[in-house]
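User: I am new to this structure and would like a guided tour. Please take my questions one at a time.

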Amino acid sequence: MLWRTFLAITIVTTFSAMLFAPVVYCRVAPPAQVVEWAVTRMVPEREIAVPLIVGGERLVPEMCDRLKDKSQERRRYLIEAISQLRSFRAGESLSQLALDPSEPIWLREDALEALQRIDRVRWQSVINRLQVEPSPESTIEGVELRCCSLTDIFGLWD
């Protein structure tokens, strides 16, 4: 009878450690390690941002640094985590990403959507800049064309 109790306690303890260890790790480990672990582990895409969200506001500066690195894979999930955390500290990084024409359009759209959730004033400022700045490729035989509104492209509105 005693061995059954011991076995049950061992199983419960093992599974509890497996379930809660990542949560504790995300809250106490150095931010750079948590972000690296979160974006490199092999999990379904819907679970990539979870440890970053659990890690909380203290991970935002590290996530913003990773957003600037164009070789960093999975930047979309960093943006998702920042958006869920609604961190004002990420506003500048998201603005730069949204305004960078060398970035893929889907990543710029994600940055704009996150910025819309976090800081509506900054988001409106970025939208206004995108609406009035002509793109470098927008001249045809010396006639300057206005780039179309990202509001029209992405369906963003007030």
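**Questions and answers on the fold**

Analyst: Buried residues make up 35% of the chain's 158 residues. The model is a predicted one.

User: How many helices and strands does the chain have?

Analyst: From the N terminus, the elements run α-α-α-α-α-α-α-α-β-β-α. In total, the chain has 9 helices and 2 strands.

User: What share of the contacts between residues at least 6 apart in sequence joins residues at least 24 apart?

Analyst: A contact here means heavy atoms within 4.5 Å. Take the contacts between residues at least 6 apart in sequence. The share that joins residues at least 24 apart is 60%.

User: Which residues of helix α5 are buried, and what covers them?

Analyst: Helix α5 spans residues 75-85. Its buried residues are R75, Y77, L78, I79, A81, I82 and S83. The cover over them includes α2, α3, α4, α6 and α7.

User: Where does R86 lie, and is R86 buried, exposed or partly exposed?

Analyst: R86 follows α5 and lies in the loop between α5 and α6. R86 is not a glycine, yet its phi is positive, about 50°. Buried would need under 20% relative accessible area, and exposed over 50%. At 44% relative accessibility, R86 is therefore partly exposed.

User: How are α4 and α6 oriented to each other?

Analyst: Their axes lie 9 Å apart, and the packing angle is about 15°. Angles under 35 degrees count as roughly parallel. So α4 and α6 are roughly parallel.

User: What is the handedness of that crossing of α4 and α6, and which residues meet there?

Analyst: α4 passes α6 in a left-handed crossing. By class, the contact has 4 nonpolar, 2 polar and 1 charged residues. From α4 come C64, L67 and K68. They meet S93, L94, Q96 and L97 of α6.

User: Which residues make the contact between α2 and α4, and what are their classes?

Analyst: The crossing of α2 and α4 is right-handed. α2 brings P31, A32, V35, E36 and V39, while α4 brings E62, M63 and R66. By class, the contact of α2 with α4 has 5 nonpolar, no polar and 3 charged residues.

User: Why do residues three or four places apart in an α-helix point the same way?

Analyst: The answer lies in the helix turn. Residues three or four places apart point the same way because an α-helix has 3.6 residues a turn.

User: Is A29 buried or exposed, and which residues does A29 touch?

Analyst: A29 sits in the loop between α1 and α2. Its relative accessible area is 6%, so A29 is buried. Between the C-alpha atoms of A29 and G55 there are 8.9 Å, though they are 26 residues apart in sequence. Not counting residues up to four places away in sequence, A29 touches V34 and R58.

User: Where is A90, and which residues are in contact with A90?

Analyst: A90 is in the loop between α5 and α6. At a relative accessible area of 0%, A90 is buried. A90 and C64 are 26 residues apart in sequence and 6.3 Å apart in space, C-alpha to C-alpha. Apart from neighbours within four places in sequence, A90 is in contact with V60, C64 and I82.

User: Is L107 buried or exposed, and which residues are in contact with L107?

Analyst: L107 belongs to helix α7. Its relative accessibility is 1%, so L107 counts as buried. The C-alpha atoms of L107 and L97 are separated by 7.9 Å, and the two residues are 10 apart along the chain. Leaving aside neighbours within four places in sequence, L107 is in contact with R75, R76, I79 and L97.

Notes:
Residues are numbered from 1 along each chain as its sequence is written. This is a predicted model: local features need pLDDT of at least 70, side-chain atom pairs count only at pLDDT 80 or more; totals for chains, interfaces and linings use all residues. Side-chain values use heavy atoms; hydrogens and water are left out. Helices (H or I, at least four residues) and strands (E, at least two) are DSSP runs, numbered from the N terminus. Buried means under 20% relative accessible area, exposed over 50%, partly exposed in between (1.4 Å probe, protein chains only). Axes are lines fitted to C-alpha atoms, for helices over the stretch in contact, and angles run from 0 to 180 degrees between N-to-C directions. Angles under 35 degrees count as roughly parallel, over 145 as roughly antiparallel, 65 to 115 as roughly perpendicular and the rest as oblique. A crossing is left-handed if the near helix is turned anticlockwise from the far one by less than a right angle, and right-handed if clockwise. Ala, Val, Leu, Ile, Met, Phe, Trp, Tyr, Cys and Pro count as nonpolar, Asp, Glu, Lys and Arg as charged, and the others, Gly among them, as polar.
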